[in-house]
Amino acid sequence: MATSSSPAIDESNMTPSSTMQFLHRCIQEHLWEEAEAEMANAIRRWPDDERVVFSWALLSNYRQRWADMAERFAVFRTRFPANVAGYFRGALAHRRLTQFR
């Protein structure tokens, strides 16, 4: 849901590409709750879209939520095992978890 300061979104015309554009605007403006809500919707709409699932997982990196990032990249690796970025990002999340304990 858009607030007065958040980017407007038209749910009826959303595509994976427009969702990515919305996500990037939210990240630039640090609108974390809006980004999380839209990515949760996007994951339900397009669970097999590699870019959507990767972006959902990467969002936790921007928020420095390392446990969430580790869990999300585990989901990504399960769905897209051939994409090595999931292994790299998952390892990075686990490294961050041990650094900041």
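## Terms and model

The model is predicted, so local features need pLDDT of at least 70 and side-chain atom pairs count only at pLDDT 80 or more, while totals for chains, interfaces and linings use all residues. Residues are numbered from 1 along each chain as its sequence is written, and side-chain values use heavy atoms, with hydrogens and water left out.

## Overall make-up

The protein has five helices and zero strands (DSSP runs of H or I with at least four residues, and of E with at least two). Of its 101 residues, 41% are buried (under 20% relative accessible area, 1.4 Å probe, protein chains only).

## Helix 1 and helix 2

Helix 1 spans residues 16–28 and helix 2 spans residues 32–45; they pack at an angle of about 160° with axes 9 Å apart. Angles run from 0 to 180 degrees between N-to-C directions of lines fitted to C-alpha atoms over the stretch in contact. The two helices are therefore roughly antiparallel.

The contact (heavy atoms within 4.5 Å) involves T19, M20, F22, L23, C26 and I27 from helix 1, and W32, E34, A35, E38, M39, A42 and R45 from helix 2. These residues divide into nine nonpolar, one polar and three charged. Ala, Val, Leu, Ile, Met, Phe, Trp, Tyr, Cys and Pro count as nonpolar, Asp, Glu, Lys and Arg as charged, and the others, Gly among them, as polar.

Note on methods: Parallel < 35°, antiparallel > 145°, perpendicular 65-115°, else oblique. Buried < 20%, exposed > 50% of the residue type's maximum accessible area, 1.4 Å probe, protein only.
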